[in-house]
Amino acid sequence: MAKDTTIVLVHGFWGGAAHWAKVITELTRLGYDKVRAVELPLTGLADDAERTRKMVKQQEGRVVLVGHSYGGAVITEAGGLPNIAGLVYIAAFAPDAGESPGAISQQIPPEAFPNIAPDSDGYLWIKYDKFGESFCQDLSAEEARIMAVTQKAPLASTFGDNVTAPAWKVKPVWYQISSHDRMIAPDNQKRMSGRMNPRKVITLEASHASLASRPVEVSQLIDEAASAIG
């Protein structure tokens with residue numbers, strides 16, 4: 001029954017749907033033929049949540065919604081749809097009502113905060129020469145270079161957008177903590193996951209880009225969530 005579930009993957013800041021490439025490959029190997037990856041505009045939480053809802057509404061049957069990084073805020077906001085059976089957070093924000101990713105980050109600033117800079121158009125970028133050490137220090141130099149060059153910058157104002165109705169209060173939750181994360185402080189990940197009363201939490205010795213550096217373990221957690229709700 002788990003393989004009948006659709007897995008919808010939601011990326012975060014500074015990347016697109018292709019950040020899920022290795023997880024998509026692994027989920028396919030595990031037998032999931034219904035995998036979708038949302039491409040977010042990163043123009044605001046309301047826009048990004050609506051784009052995700054539209055994707056979910058197109059799917060038949062049960063959906064497991066998976067969010068990485070800021071994608072966790074998106075699935076928190078968009079995850080209340082009736083066909084969404086579970087939420088999986090991958091080194092992700094999980095704000096409460098009235099809380100934003102920016103407010104969470106200010107409580108325990110991540111190590112790489114100084115490497116993020118706004119441009120003159122109001123978008124936030126990770127400095128190109130600092131991307132590897134900030135976002136994905138456990139990937140190869142080649143992979144880090146590609147991620148740096150293809151990074152998708154969010155509007156800076158998106159960081160301050162508050163969640164309105166947290167889906168994690170009404171849906172089953174699974175969470176993966178990255179213990180060497182320099183973009184979301186690991187202690188913040190522990191705090192957020194702890195208050196959600198998750199079905200399971202795993203900790204990986206990984207960077208923020210655990211979806212790329214540890215795709216097998218990430219996919220196994222997604223599979224476990226799909227199996228549990230299936």
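Predicted model: local features only at pLDDT ≥ 70, side-chain atom pairs only at ≥ 80, totals over all residues.
**Exercise 1. Find the place of N197 and say whether it is buried or exposed**.

Solution. Start with the loop between α7 (186-195) and β8 (200-204), where N197 sits. Its phi is near 50°, again a positive value in a residue other than glycine. Next comes accessibility: N197 has a relative accessible area of 68%. Exposed means over 50%, so N197 is exposed.

**Exercise 2. Classify P114 by its accessibility and locate it in the chain**.

Solution. P114 belongs to the loop between α4 (101-107) and β5 (116-118). Because its relative accessibility is 58%, P114 counts as exposed.

**Exercise 3. Work out how helices α2 and α3 are arranged**.

Solution. Two packed helices are described by the angle between their axes and the distance between the axes. Helix α2 (residues 45-57) packs against helix α3 (residues 71-78) at an angle of about 70°, and their axes are 9 Å apart. That angle makes α2 roughly perpendicular to α3. The crossing of the pair is right-handed. On the α2 side, the contact residues are L45, D48, A49, T52 and R53, and they meet A73, V74, E77 and A78 of α3. Sorted by type, the residues of this contact are five nonpolar, one polar and three charged.

**Exercise 4. Check the length of helix α9, then describe its packing with α1**.

Solution. Helix α9 (residues 215-229) has 15 residues, which at 1.5 Å a residue should span 21 Å. Its end C-alpha atoms are 21 Å apart, so the two values agree. The buried residues of α9 include V218, L221, I222 and I229. Now bring in helix α1 (residues 21-29): the axes of α1 and α9 come within 9 Å and cross at roughly 55°. The two helices are therefore oblique to each other, and their crossing is right-handed. K22, V23, E26 and L27 of α1 make the contact with P215, V216, V218, S219 and I222 of α9. By type, these contact residues are six nonpolar, one polar and two charged.

Note on methods:
Residues numbered from 1 in each chain as written. Heavy atoms only, no water. Axes fitted to C-alpha atoms, helices over the stretch in contact; angles between N-to-C directions. Helix = DSSP H or I, 4+ residues; strand = E, 2+ residues; numbered from the N terminus. Parallel < 35°, antiparallel > 145°, perpendicular 65-115°, else oblique. Left-handed = near helix turned anticlockwise from the far one by under 90°. Contact = heavy atoms within 4.5 Å. Nonpolar A, V, L, I, M, F, W, Y, C, P; charged D, E, K, R; others polar. Expected span 1.5 Å × (residues − 1). Buried < 20%, exposed > 50% of the residue type's maximum accessible area, 1.4 Å probe, protein only.
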